[in-house]
Amino acid sequence: MMDITITAKIRLYPNEKDKPKLLDTARAFREALNFASGIAHRSNIRVNSSLQKITYQSLREKFKLKSQMACSVSRSVVAKYKSMDSNGVKNTLAIYKRSEYDLVRNRDYSFRGDTISLNTIYGRVVSNYNTKGMKNFFNGTWKFGTAKLIARKNKYYLHIPMSKKVPTLDQNNLMNLVGVDLGINFIATIYDNSGKTQFFSGKQIKQKRAHFKMLRQELQRKRTPSARRRLKKIGGRENRWMTDVNHQITKTLVNQYGENTLFVLENLSGIRKSLEKVRRKNRYTSVSWAFAQFRDFLTYKSQLCKSEVLLVDPKYTSQDCPKCSHRDKNNRNKRLRLFTCKKCNYSSNDDRIGAMNLYNKGSLKYLGRVSA
C-alpha cells in the first residue's frame with residue numbers, strides 16, 4: 001500500500017451578507033502572513049514555536065485573528081521559508097499577495113450535509129458548496145487535511161488536500177508496460193508491449209502558445225496599467241488551458257490501459273540546467289512546457305487505478321538503437337525528426353525511438369529484461 005494525496009477544489013456559494021466576512025478574514029490573514037514573514041526574515045527564524053512566541057499576541061490584537069488562525073500563520077510562514085531554503089532561495093523576503101487563509105479540519109471547517117461551516121474573524125459562517133467533478137473524493141474513504149480558502153473576483157473556493165492508502169502495483173499482475181516520451185512536436189509519444197505506437201500532436205499547442213507569446217510581447221512594450229492587467233489575465237488563461245490539455249491526455253492514457261500498468265517516463269528534474277545549451281529564442285517554449293505537471297497528473301491518476309509511473313534516467317534515449325543497442329549521437333537527424341541506426345539501419349521517427357527506449361529501460365529496471 002502507498003499513500004496518495006490530491007487536492008480537491010470545490011466552489012463555495014456563501015450568501016451576500018457572509019461574503020464580506022470571508023473576504024475580510026482572507027485579507028487579514030494575508031496581512032498577518034506578511035507581518036510574520038518580515039519578522040522571520042529579519043531574525044532568520046525557522047522554528048514554528050519561536051516565531052509563534054514572538055508574533056502570537058500581535059496577530060491576535062492587530063489583525064483580530066482567532067487563536068488557531070494565529071497559530072496557522074506562524075506554521076505557514078516557517079514552512080514557506082524552509083521550502084525556500086531547500087530550493088536554494090536565500091536572503092529573500094517571502095511576500096504573500098493572494099487573499100486566502102488556512103482552515104483546519106473539524107476545527108475551522110466542517111461539513112454539515114449540503115453545507116459547510118467555516119471559521120472567520122467574525123465567527124462561524126455557513127455556505128453551500130459544489131463538488132462537481134470531485135464527488136468520488138467525498139465518499140468517506142478519503143482523509144481531509146488543512147484546507148485553504150481562496151477569494152478571487154468575488155468568487156470563493158476551498159482547496160482541500162485529501163489522502164488515502166491505495167494498493168501498489170504487483171509485478172506478478174503487470175498487464176501493460178508503456179513507454180511515454182514527452183516532447184514539443186508531439187506532446188506525448190506512446191509505445192506499449194503490443195508494439196503499438198500512439199502520437200499526441202503538439203502542433204496546435206505550439207501555435208497557440210506562440211500566439212500567447214506574441215500578445216505578451218506586444219503588451220510588454222506598452223508598459224501601461226491596462227497592459228499589465230491584460231498580461232496577468234493572459235498568463236492565467238494560458239496556464240488553465242495547458243492544465244486542461246495535460247488532464248485530458250493523462251486521463252486518456254489511464255482509461256486506455258487501465259489497471260496494472262507501468263508507465264515509464266524520463267526523469268526530467270534537471271531539464272532547466274540542460275536548457276542552457278538551447279538557443280535563446282527557443283528557451284521559452286522548452287522551459288515553460290508543463291512536463292512536470294503532466295508527470296504529476298499521470299502519477300496520481302495511475303495510482304488511483306492500481307497502476308504506477310516509473311521515472312528513468314533520460315541519458316541516451318535519443319541515441320540508442322532500440323533494436324541492436326548501438327549508441328551514436330549521429331543516429332538521430334534532428335532536422336528531419338528521423339532516427340537511423342548506423343549499425344543495423346533500423347529507422348523510425350525519433351520521438352517513437354525515445355518511447356521505445358523508455359519502454360526498454362522500464363522493462364530492464366522493473367522486470368529485468370529488454371523486450372522491445
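Because the model is predicted, local features need pLDDT of at least 70 and side-chain atom pairs count only at pLDDT 80 or more, while totals for chains, interfaces and linings use all residues. Residues are numbered from 1 along each chain as its sequence is written, and side-chain values use heavy atoms, with hydrogens and water left out.

**Aromatic pairs**

- The whole structure holds 13 aromatic pairs; rings of Phe, Tyr and Trp (its six-membered ring) pair if their centres lie within 6.5 Å, and planes under 30 degrees apart count as stacked, over 60 as edge-to-face and the rest as tilted.
- The pair of Phe29 and Tyr101 is tilted, because the ring centres are 6.2 Å apart and the planes stand at 50°.
- Phe29 belongs to helix H1 (residues 19-43) and Tyr101 to strand E2 (residues 100-103), so this pair ties together parts that are 72 residues apart in sequence. Helices (H or I, at least four residues) and strands (E, at least two) are DSSP runs, numbered from the N terminus.
- Phe29 and Tyr101 are both buried, a term for under 20% relative accessible area, with exposed over 50% and partly exposed in between (1.4 Å probe, protein chains only).
- Phe137 and Trp142 make an edge-to-face pair, with 5.0 Å from centre to centre and 75° between the planes; both of these residues are buried.
- A cluster linked by ring pairs contains Tyr109, Phe111, Tyr129, Phe138 and Phe144.

**Charges over rings**

- The charged end of Arg327 sits over the ring of Tyr316, 3.7 Å from its centre; the criterion is NZ of Lys or CZ of Arg within 6 Å of the ring centre and within 35 degrees of the ring normal.
- Over the ring of Tyr346 sits the charged end of Lys323, 5.5 Å from the ring centre.

**Helix H5**

- Helix H5 (residues 225-257) has 33 residues and should span 48 Å at 1.5 Å a residue, which agrees with the 49 Å between its end C-alpha atoms. The expected span is 1.5 Å times one less than the number of residues.

**Strand E1 and its partners**

- E1 and strand E8 (residues 155-166) run antiparallel and are joined by 11 bridges; two strands pair if DSSP finds at least two bridges between them. Lys9 has His159 of E8 as its bridge partner.
- E1 also runs antiparallel to strand E5 (residues 123-130), with 3 bridges between them. In E5, Asn130 stands opposite Arg11.
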